[in-house]
Amino acid sequence: MKFGEGKISGGAMSDLRNATSVALMMITQLGLGNKPRLLWAKEPVAADHNQAESLLRDAYDSVLQKLKSNLRLMEAIVKDLLAKQELTGDEVRQIFSGRTV
């Protein structure tokens, strides 16, 4: 979001790889996909990848919407973190309540 629409940083790319692995495991090993697998396969098939993509896309869209709707709070927290290096729970609650830290 901060780097531009569709641009993903290296840290976020690593998170996406891990999320993809978890999503595929949920679908292929735990049976949590929207279509049950009747045959067990060692490697994920295209349908599994499609379900994982859909799951991750929905989660990404949800998080992006939440970040956009709370941009003021996120920027206030970032500003204070850059200035102080750390924030207490009370300080974060102050930011959420609209008071300055």
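**Salt bridges, then a helix**

I started with the charged side chains and counted three salt bridges. I'm keeping in mind that this is a predicted model.

Entry 1. I looked up Glu53 and Arg57, whose side chains meet in a salt bridge, 3.5 Å from N to O. Both sit in helix 2, four residues apart, which is about one turn of the helix. I noted that residues three or four places apart in an α-helix point the same way, because there are 3.6 residues a turn. Glu53 is partly exposed at 46% relative accessibility, and Arg57 is partly exposed too, at 42%.

Entry 2. Next I checked Lys84 and Glu91, where the closest N and O atoms of the salt bridge are 2.8 Å apart. Is Glu91 buried or exposed? Its relative accessibility is 17%, and the cut-off for buried is under 20%, so I put Glu91 down as buried. Lys84, at 38%, counts as partly exposed.

Entry 3. Asp90 and Arg93 make a salt bridge as well, at 2.8 Å from N to O. They are three residues apart in helix 4 (residues 89-96), so about one helical turn separates them. I found both Asp90 and Arg93 exposed.

Entry 4. Then I turned to helix 1, residues 10-28. At 1.5 Å a residue its 19 residues should span 27 Å, and its end C-alpha atoms are 27 Å apart, which agrees. Which residues of helix 1 are buried? I got Ala23, Leu24, Ile27 and Thr28. They cover an arc of only 110° around the axis, so they lie on the same side of helix 1. What covers them includes helix 2 (46-69).

Key. Residues are numbered from 1 along each chain as its sequence is written. This is a predicted model: local features need pLDDT of at least 70, side-chain atom pairs count only at pLDDT 80 or more; totals for chains, interfaces and linings use all residues. Side-chain values use heavy atoms; hydrogens and water are left out. Helices (H or I, at least four residues) and strands (E, at least two) are DSSP runs, numbered from the N terminus. The expected span of a helix is 1.5 Å times one less than its number of residues. Buried means under 20% relative accessible area, exposed over 50%, partly exposed in between (1.4 Å probe, protein chains only). The arc is that of the directions from the helix axis to the C-beta atoms. Contact means heavy atoms within 4.5 Å. A salt bridge is a side-chain nitrogen of Lys or Arg within 4 Å of a carboxyl oxygen of Asp or Glu.
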